[in-house]
Amino acid sequence: MEAKVTVKDLHKAFGSLEVLKGVSMTAHEGDVICIIGPSGSGKSTFLRCINRLEKADAGVVIVNGYEVTDKKTNINKARRHIGMVFQQFNLFPHMTAKQNIIFAPVDLKLMSKKDAETNTMRLLEQVHLSDKANSYPWQLSGGQQQRVAIARSLAMNPDVMLFDEPTSALDPETIGEVLAVIKDLADAGMTMLIVTHEMKFARDVANQVLFMDDGYIVERGAPADVFSHPTEERTQKFLNLLVFKEKQL
């Protein structure tokens with residue numbers, strides 16, 4: 001099976017703070033990899049290095065055959081194949097949902113306006129928002145805005161999708177609708193790397209889970225193994241703490 005994302009010995013520091021300390025992993029076509037771990041463990045920085053929103057200090061990142069960490073690589077061309085959804089929705093406030101999705105494919109001359117409009121309506125239907133095409137972000141709930149953001153990333157026809165805690169800024173009642181859209185993408189075979197605190201979602205949707213702590217991938221494996229039979233003490237402590245917190249609620 002084709003490797004879509006290959007990361008070898010990735011290092012990243014911010015000043016004296018070493019955030020990634022030699023991270024390596026491979027995502028093959030159709031993989032859904034959920035990345036879990038405590039805050040400050042390097043999860044978001046790891047994702048941001050994959051599409052060079054953060055410049056790695058050392059190591060190699062290859063996405064769809066593009067060596068992202070090579071200075072000679074046309075990063076804008078490479079990013080056309082990588083969709084990324086952030087914690088915050090980052091929609092253009094002066095544009096409707098439809099306009100937000102159409103903008104990039106037309107601006108980059110990847111589609112005619114007519115084709116982009118047709119594709120946009122298909123994507124809005126895919127994320128269950130076909131009735132909100134002409135709504136502005138301020139007229140949408142957080143969950144709806146995040147689904148528009150997902151559709152906007154999909155409009156570029158990416159080979160890989162990166163999700164950086166896509167539900168962390170949402171109210172509890174809207175989290176499910178966003179996770180359902182991501183699950184639909186998984187079922188359709190989209191290759192995805194997802195940083196998440198939603199453990200049940202990770203267990204149900206991922207085919208591989210990475211547990212990160214202190215800049216390392218401490219444990220990796222099938223969800224059933226990592227969640228039910230973790231072998232590393234740090235993983236066990238993290239999961240036990242989550243169970244304790246759930247019981248307190």
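Me: Buried means under 20% relative accessible area, exposed over 50%, and partly exposed in between, with a 1.4 Å probe and protein chains only; by that scale, why is D159 called partly exposed?

Reply: D159 has 29% relative accessibility, so D159 falls in the partly exposed class. This is a predicted model, in which local features need pLDDT of at least 70 and side-chain atom pairs count only at pLDDT 80 or more, while totals for chains, interfaces and linings use all residues. Residues are numbered from 1 along each chain as its sequence is written, and side-chain values use heavy atoms, with hydrogens and water left out.

Me: What makes D159 and K4 a salt bridge?

Reply: A salt bridge requires a side-chain nitrogen of Lys or Arg within 4 Å of a carboxyl oxygen of Asp or Glu, and the N to O distance between D159 and K4 is 3.9 Å, so the pair qualifies. K4, at 9% relative accessibility, therefore counts as buried.

Me: How do you know that K200 and D204 are separated by about one helical turn?

Reply: They are 4 residues apart in helix α7 (residues 199-205), where helices are DSSP runs of H or I with at least four residues.

Me: Why are α5 and α6 called roughly parallel?

Reply: Helix α5 (residues 142-154) and helix α6 (residues 172-187) pack at an angle of about 20°, and angles under 35 degrees count as roughly parallel, over 145 as roughly antiparallel, 65 to 115 as roughly perpendicular and the rest as oblique, so α5 and α6 are roughly parallel to each other.

Methods. Axes fitted to C-alpha atoms, helices over the stretch in contact; angles between N-to-C directions. Helix = DSSP H or I, 4+ residues; strand = E, 2+ residues; numbered from the N terminus.
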